[in-house]
Amino acid sequence: MKSKGIGKSHAKIILIGEHSVVYGQPAIALPLPNVAEKVTILPRTDGHRLIHSSYFDGDLNGLPDKMHGVAKLIQTLVDHLDGNRDYWDLTIDSDLPAERGMGSSAATAIALVRAFFDYYQKPLDRQLLLRLAAVEEEITHRSPSGLDAATAASSSPLWFVRGKVGTPIPMHLQATMVIADTGIAGATREAVTAVHHLLEESPTKTHACLDQLGLLTRQAQSALQLNEVAKLGKILLAAHHELQRLQVSDQKLDQLVEVAMANGALGAKLTGGGRGGCMFALVKTSAQARHLAAALISAGARKTWLQPLR
Ligand code: MEV
């Protein structure tokens with residue numbers, strides 16, 4: 001056992017393919033390395049296991065219901081690594097906003113698994129990392145497809161199909177992404193359930209939307225590789241319209257997409273589960289990105305992030 005265990009991860013953003021990925025279509029997600037999470041484990045000798053985070057500070061046994069997935073994952077890791085007689089301080093430092101479609105629960109799960117394996121100096125491959133992270137994600141259930149955890153564990157853009165670990169894909173794009181937080185907590189679980197109901201009520205129309213999102217995702221992959229920024233922008237906006245048809249957007253997301261398009265964006269869409277959470281827009285230069293970020297804030301966005309795409 002080391003004197004300190006460290007695990008890192010980062011936010012992710014779904015470029016395209018949210019919701020349709022749940023039904024077998026591909027999705028593309030991008031890591032946001034600048035929006036980071038770190039878990040640190042330090043030994044204690046007094047018989048306590050303490051958690052320190054912005055949401056909770058106290059004994060592991062007192063974790064609130066909302067963090068039940070984290071508690072279950074920690075117990076799984078302790079059992080797996082034979083650490084039942086060990087005590088520690090575990091600190092979670094996160095730049096990620098919770099419930100905004102940036103994968104905060106998955107980022108915590110990935111950083112936790114990495115920190116425990118680092119602490120116990122055990123090798124960890126990607127498959128085991130994702131299998132363990134799924135213990136938390138299955139309870140918190142923000143990403144039934146596993147897309148969030150797969151991207152939080154990846155340092156490259158990822159082509160993801162449900163049930164697989166994901167394949168890194170090349171990206172040659174001279175563009176900047178402006179991400180904006182609506183300030184409203186996203187409701188992924190409700191949105192995923194709404195799509196499920198829609199499929200039962202209007203199967204033909206809903207399947208057509210999901211198929212179209214799959215097609216747009218394939219087109220986006222080729223635009224990413226060929227640096228076709230304007231084309232990618234149109235694909236992203238078309239995907240937002242399909243997500244509107246699936247009833248997973250809301251007024252604020254639609255308004256910010258409109259503001260982005262009126263302020264020079266080549267395309268814009270919601271990202272993640274929808275019904276709150278974040279949207280993003282694509283522009284060519286960082287000067288345009290700064291202008292757009294200011295316009296989004298004036299229109300009521302809570303916060304913006306700029307992510308150059310290279
Ligand atoms: C949530 O980040 C993405 C969704 O597609 C759900 C999932 O993939 O499990 C809405």
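Residues are numbered from 1 along each chain as its sequence is written. In this predicted model, local features need pLDDT of at least 70 and side-chain atom pairs count only at pLDDT 80 or more, while totals for chains, interfaces and linings use all residues; side-chain values use heavy atoms, without hydrogens and water.

**Aromatic pairs**

Rings of Phe, Tyr and Trp (its six-membered ring) pair if their centres lie within 6.5 Å; planes under 30 degrees apart are stacked, over 60 edge-to-face, and the rest tilted.

| Pair | Centre to centre | Angle between planes | Type |
|---|---|---|---|
| Tryptophan 88 and phenylalanine 116 | 5.7 Å | 80 degrees | edge-to-face |
| Tyrosine 119 and tyrosine 120 | 5.3 Å | 80 degrees | edge-to-face |

Tryptophan 88 lies in strand E5 (residues 87-94) and phenylalanine 116 in helix H2 (residues 104-119), 28 residues apart. Helices (H or I, at least four residues) and strands (E, at least two) are DSSP runs, numbered from the N terminus. Both tryptophan 88 and phenylalanine 116 are buried. Buried means under 20% relative accessible area, exposed over 50%, and partly exposed in between (1.4 Å probe, protein chains only). Tyrosine 119, at 0% relative accessibility, counts as buried, and tyrosine 120 is buried at 11%.

**Serine 53**

With a relative accessible area of 15%, serine 53 is buried. Leaving aside neighbours within four places in sequence, serine 53 is in contact (heavy atoms within 4.5 Å) with Met67 and Ile92.
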